Amino acid sequence: HRTKQARKLLRNMTKGTQELGMFDNDAALRGYVRQKFIERAMLVVSSFSKLAKAQSFDPSSNRQKIYTRLRSIRKAVSIGCGPGCDGVG
């Protein structure tokens, strides 16, 4: 039942049709967070994996600089919305 409620909230959040009362359902909120943030985390992992597998690692390239810098990150926080904030925040 929680998954169904979470999907309904997710669908409304995606369309921008959510209403204030929808946020009163704790089970739906937990399910929404579980579904949404696992999906976002997988997008970030997928992006980093593609970056790591790139064949042309020229030490002066932006790709190498980004990859080297990302590997040194120990903690991250995302304040905002969308996968861009997760990847850059």
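Asn 12 sits in helix H1. The model is predicted, so local features are given only at pLDDT of at least 70 and side-chain atom pairs only at pLDDT 80 or more, while totals for chains, interfaces and linings use all residues. Residues are numbered from 1 along each chain as its sequence is written, and side-chain values use heavy atoms, without hydrogens or water. The protein has four helices and zero strands. Helices (H or I, at least four residues) and strands (E, at least two) are DSSP runs, numbered from the N terminus.

**Confidence**

- The mean pLDDT of the protein is 75; pLDDT is the predictor's confidence in each residue, from 0 to 100.
- A value of 70 or more is reached by 71% of the residues.
- Confidence is highest in helix H1 (residues 2-15), with a mean of 86.
- It is lowest in helix H4 (residues 83-88), with a mean of 56.

**Overall make-up**

- Along the sequence, the pattern reads α-α-α-α.
- The protein has 89 residues, and 18% of them count as buried. Buried means under 20% relative accessible area, exposed means over 50%, and partly exposed lies in between (1.4 Å probe, protein chains only).
- Among contacts with a separation of 6 or more, 36% join residues 24 or more positions apart. Contact means heavy atoms within 4.5 Å.

**Helix H1**

- H1 has 14 residues and reaches 20 Å from its first C-alpha to its last, close to the 20 Å expected at 1.5 Å a residue. The expected span is 1.5 Å times one less than the number of residues.
- Ala 6, Leu 9, Leu 10 and Asn 12 are buried in H1. They lie on the same side of the helix, because they cover an arc of only 165° around its axis. The arc is that of the directions from the helix axis to the C-beta atoms.
- An α-helix has 3.6 residues a turn, so residues three or four places apart point the same way.
- The face of H1 turned away from the buried side carries exposed residues: Lys 4, Arg 7, Thr 14 and Lys 15.
- Asn 12 counts as buried because its relative accessibility is 14%.
- Beyond its neighbours within four places in sequence, Asn 12 is in contact with Thr 17, Gln 18 and Met 22.
- Just after H1, Gly 16 takes a positive phi of about 75°.

**Helix H2**

- Arg 34 belongs to helix H2 (residues 26-53). Its relative accessibility is 33%, so Arg 34 counts as partly exposed.
- Arg 34 is in contact with Arg 2 and Thr 3, leaving aside neighbours within four places in sequence.
- Arg 34 and Thr 3 are 31 residues apart along the chain, and their C-alpha atoms are separated by 9.7 Å.

**Helix H3**

- Leu 70 lies in helix H3 (residues 62-71). Leu 70 is partly exposed, with a relative accessible area of 24%.
- Leu 70 and Phe 48 are 22 residues apart in sequence and 8.8 Å apart in space, C-alpha to C-alpha.
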